[in-house]
Amino acid sequence: MAQNDNHSHTFSSPCRAGRGVSQGHRREFGGRGDSFGWDAVSRMKMTFILDFMGSTGSVSAWEEALLVAMIQYPVPVIKGPADIQTQVDQICKAVASTKAGYPDLDLVVFPEYSTQGLNTAIWTYDEMLLRIDSPEIDRFREACRDNDVWGVFSLMEQNDDPSLPPFNTAIIINSQGEIALHYRKLQPWVPIEPWSPGNYGMPVCEGPKGSRLAVCICHDGMFPELAREAAYKGANVYIRISGYSTQVNDQWIWTNRTNAWQNLMYTISVNLAGYDGVFYYFGEGTVCNYDGNVLQQGHRNPWEIVTAELFPRLVDKARENWALENNIFNLGCRAYVGKPGGEKENYLTWVRDLANGCYKLPWDEKIRIRDGWKYYPEGVKLGPISQAGLPG
């Protein structure tokens, strides 16, 4: 374990995932190398790199390797607006220190709620919210620009109509300090989360090293439809930032893997870590290969940094060249052997009904919890924080 600016940088062993990652890569390149258009020397070079680099992460990266670092940020304990500034200070410091420790770092990722925390008694009030043009976001932009690194950050964003609940938002900032992607959570974790449903769809942006990036937030990752949407729009790296507590720890791992495999894309996912006085947050940053195997698995340590080198061009080539299990293609081109050109007509009832605004389950009338329930019996509280009636 190396020390840098009081943060522990832990390299996780791929053996923890229960598979020899490099063997999986060797099988793939041994059997499919020619289909990628590489000569023998190139294949040997790539096999060497994947054996000794791709499963460990590194402080350096070659010209096609996307070096990512995911920060298992300690869950913030937020009592008021001043505490948000403390988190912004820490996050900007972490961007700088992580880039210093990993000089070739391309992308640094922070979890959901790392900026404003999860104090449910006050988290929807005006003073607890940010906007894309807030000074706090300007500081994130400056940190990325000053350190020549891309970053993924979380904010609870005031609604365009302040009379409506806020959005749970993620932004990707490029190495020039520009906002490259602005995403609003499509599937808040109801009934606990009171956020408005996202209205920007699933955007995808061009990233470094041939990557095409999409980001989802926590519960979004439980919906295979959203991962498929990102892949359908071209994403080859699917980022998941989360503030999950331990109720769904196992499901977190499963869905990170299935989202990767079903769409032939990398998934990189990071969660808050530690205890906030109510829940424990499990950390466990996960990097999954596009074949669904785990490349990296973090532990439960706050401030653990999970790193990996990704090769976005391999995703693109797999999507172009795989015959068996090219499922994202096969979905819309069924049985192309038995029916030349494939069957393209929609055969899914729920897709039709969702598109027509009449999605309804057979047991819909029996579903008991479908509002703010015991968490928000009087609805979502909005306005100035003085209305919260807090002591002192």
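The model is predicted: local features need a pLDDT of at least 70, side-chain atom pairs count only at pLDDT 80 or more, and totals for chains, interfaces and linings use all residues. Residues are numbered from 1 along each chain as its sequence is written, and side-chain values use heavy atoms, with hydrogens and water left out.

**Confidence**

- pLDDT is the predictor's confidence in each residue, on a scale from 0 to 100. Across the chain it averages 87, and 84% of the residues score at least 70.
- Residues 1-56 are the stretch to read with that in mind: pLDDT stays under 50 there. The model has 94 contacts for this stretch beyond four places in sequence, a contact being heavy atoms within 4.5 Å.

- Helices (H or I, at least four residues) and strands (E, at least two) are DSSP runs, numbered from the N terminus. Buried means under 20% relative accessible area, exposed means over 50%, and partly exposed is in between (1.4 Å probe, protein chains only).
- E3 is mostly covered, with six of its six residues buried.
- In a regular strand the side chains alternate between the two faces of the sheet. In E3, Leu66, Val68 and Met70 point one way while Leu67, Ala69 and Ile71 point the other way, and all are buried.
- Two strands pair if DSSP finds at least two bridges between them. E3 pairs with E16 in the antiparallel sense over six bridges, and Leu66 has Leu310 as its bridge partner in E16.
- E3 also pairs with E4, this time in the parallel sense over three bridges. Here Ala69 stands opposite Val108 in E4.

**Aromatic rings**

- Rings of Phe, Tyr and Trp (its six-membered ring) pair if their centres lie within 6.5 Å; planes under 30 degrees apart count as stacked, over 60 as edge-to-face and the rest as tilted. By this rule there are 14 aromatic pairs.
- One of them is Tyr73 with Trp303, an edge-to-face pair at 5.2 Å centre to centre with 70 degrees between the planes. This pair links distant parts of the chain, 230 residues apart: Tyr73 is in the loop between strand E3 (66-71) and helix H3 (81-101), and Trp303 is in the loop between strand E15 (294-297) and strand E16 (305-310). Tyr73 and Trp303 are both buried.
- Why does the Phe110 and Phe153 pair count as stacked? Their ring centres are 5.6 Å apart and their planes sit at 15 degrees, so the pair falls in that class.
- Phe110 is buried at a relative accessible area of 0%, and Phe153 is buried at 1%.
- Ring pairs tie Tyr73, Phe110, Phe140, Phe153 and Trp303 into a cluster.

**Charges over rings**

- Thr124 is in the loop between strand E4 (107-109) and helix H4 (135-147) and is buried at 5% relative accessibility. A polar atom of its side chain lies 2.4 Å from the backbone oxygen of Lys381.
- Ser269 lies in strand E11 (residues 266-271) and is buried at 1% relative accessibility. Its side chain makes a polar contact of 3.1 Å with the side chain of Asn256.

- Val190 and Pro191 are joined by a cis peptide bond, with omega about 5 degrees.
- Asp148 is not a glycine, yet has a positive phi of about 50 degrees. Asp148 is in the loop between H4 and E5 and is partly exposed at 48% relative accessibility.

Methods
Polar contact = N/O pair within 3.5 Å; in protein donor to acceptor, adjacent residues only side chain to side chain.
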